[in-house]
Amino acid sequence: MNSDRASSPAPAAAESTQQPKLLERMRIHLRTRHYSIRTEQAYIDWARRFILFHGKRHPQDMGAIEVEAFLSHLAVDRQVSASTQNQAKAALLYLYKQVLGADLPWLDEVVQAKRPQRLPVVLTPSEVRELLLHVEGTAGLVAQLLYGTGMRLLEALRLRVKDVEFARREVLVREGKGNKDRVTVLPENLMAPLQAQLHKARALHQKDLDAGLGRVYLPHALAVKYPEADRSWAWQYVFPSPVRAMDPRPDARTGQPMERRHHVYPESVQRGVREAARRAGIDKPVSPHVLRHSFATHLLQAGYDIRTVQELLGHADVSTTMIYTHVLNKGGRGILSPLDAL
C-alpha cells in the first residue's frame with residue numbers, strides 16, 4: 001500500500017511536463033514573436049487544414065510531396081488565388097522551419113505561385129461622392145477617412161486617440177503593413193466629424209471604467225511596462241466596437257482571459273460599403289480598399305508628386321505606387337484613339 005502511494009504522483013508529474021499539442025505550440029511561437037492576431041489565426045488554420053487533408057498525419061512524418069500535394073489541391077480543386085496559395089505556403093514553411101525546427105533542403109524549393117499583375121479598381125470623383133453619400137453611421141465615417149487619408153481599412157480601425165493630431169492636421173499610422181509607421185494628411189472636412197466620434201467613444205470608455213473594465217489591448221507587453229496605460233483615454237480606439245468581448249490573447253500581466261472593447265469589426269465596414277455601392281448604382285466591384293486606390297489616383301491627377309503619394313501610402317518602393325500611373329494613362333484621358341482622328 002505504501003508503494004502505491006509512492007508511485008501515485010508519477011502520472012500527474014508526467015502530465016505536468018507534457019508538451020502542448022503542435023498547434024498550441026505554433027500559437028505560442030507566433031505570440032512570442034509578436035505576430036498579429038490575424039496572422040496567428042490564418043497560419044494556425046492553414047496548418048490545421050494541411051493536417052486534416054493528409055488524414056491527421058503528423059507534419060514530422062510528411063515532407064515535400066505532401067506540401068506540394070496540398071498546395072496543388074488548393075490551386076486545382078479549390079481554385080484559390082495565387083495570394084491565398086502563397087499564404088498557405090508561408091504558414092507551412094513557418095510550421096516546419098520555426099516550430100518543428102526542420103532544416104530540410106526541399107523547404108526552399110516548394111513552388112511559389114506567381115501573382116498576376118492587376119490594375120486596381122478606381123472610382124471617379126463623382127462615384128466617390130455618391131458612394132460616401134450612401135454609407136451610413138460609423139462605416140460612413142471610416143469610408144471618408146479611407147478616401148481622405150489613403151489608409152488601409154485595418155489601419156483606420158486600429159487608430160488610437162493619441163495618433164490623431166488635429167492641430168497639425170495629421171494622422172499617425174502605427175505599425176502599418178510591414179510593421180512601419182508613417183504620417184498622412186487629416187482632411188479639413190473630417191475635423192468636426194472625428195471630434196464628434198471621439199466624444200461618443202469617450203462616453204463609451206467612461207461607461208466601461210465605471211463598470212470596472214475599460215482596459216484596451218496594448219501591443220508588445222506595454223501593459224506590463226505601463227500598468228495603467230491600457231485604461232488611459234489616449235490609448236483607446238477611435239472607432240470602438242459597440243459590444244465587449246473576451247480577448248483571445250490573455251492579459252499580459254496576469255495571464256488570465258480579459259473582457260475588452262475592441263475596435264469595430266472590419267466586416268461591418270466592408271458590408272456597409274458594398275451596400276452603399278449597390279444603392280448608389282455603381283457597377284464596379286467596390287470594397288473599402290478601392291477608396292485607398294482612388295485616393296492615390298486622384299492625388300496624381302491633381303498634379304502631386306509620385307514620391308509624396310508614395311510616402312502617404314506607405315509603399316516601400318516607388319514601383320508599387322507606379323501602378324496608379326498606369327491607371328491614369330488608360331482610356332480617353334491619356335490616348336487619342338485613331339478612330340477619333342478620322
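Which residue in β3 does leucine 172 stand opposite? In this predicted model, the residue opposite leucine 172 is valine 183, which lies in β3.

That pair belongs to an open sheet of three strands, arranged in the order β1-β2-β3 with antiparallel pairing. At the edges of the sheet are β1 and β3, each of which pairs on one side only. Between β2 and β3 the antiparallel pairing runs over four bridges. Strands of a sheet pair through backbone hydrogen bonds, in either a parallel or an antiparallel sense. The residue ranges of the strands are listed here.

| Strand | Residues |
|---|---|
| β1 | 164-165 |
| β2 | 170-173 |
| β3 | 182-185 |

Turning to the helices, α4 covers residues 37-53, and its 17 residues reach 24 Å from the first C-alpha to the last, which is close to the 24 Å expected at 1.5 Å a residue. The buried residues of this helix are Ile37, Glu40, Ala42, Tyr43, Ile44, Trp46, Ala47, Phe50 and Ile51, and what covers them includes the helices α3 (22-32), α5 (64-77) and α6 (82-99). After α4 comes glycine 55, whose phi is positive, near 70 degrees.

Helix α3, one of the elements that cover the buried residues of α4, also contains histidine 29. Histidine 29 counts as buried because its relative accessible area is 14%, which falls under the 20% cut-off for that term. Leaving aside residues up to four places away in sequence, histidine 29 touches Tyr94, Gln98 and Val99.

Terms used. Residues numbered from 1 in each chain as written. Predicted model: local features only at pLDDT ≥ 70, side-chain atom pairs only at ≥ 80, totals over all residues. Heavy atoms only, no water. Pairing = 2+ DSSP bridges. Helix = DSSP H or I, 4+ residues; strand = E, 2+ residues; numbered from the N terminus. Expected span 1.5 Å × (residues − 1). Buried < 20%, exposed > 50% of the residue type's maximum accessible area, 1.4 Å probe, protein only. Contact = heavy atoms within 4.5 Å.
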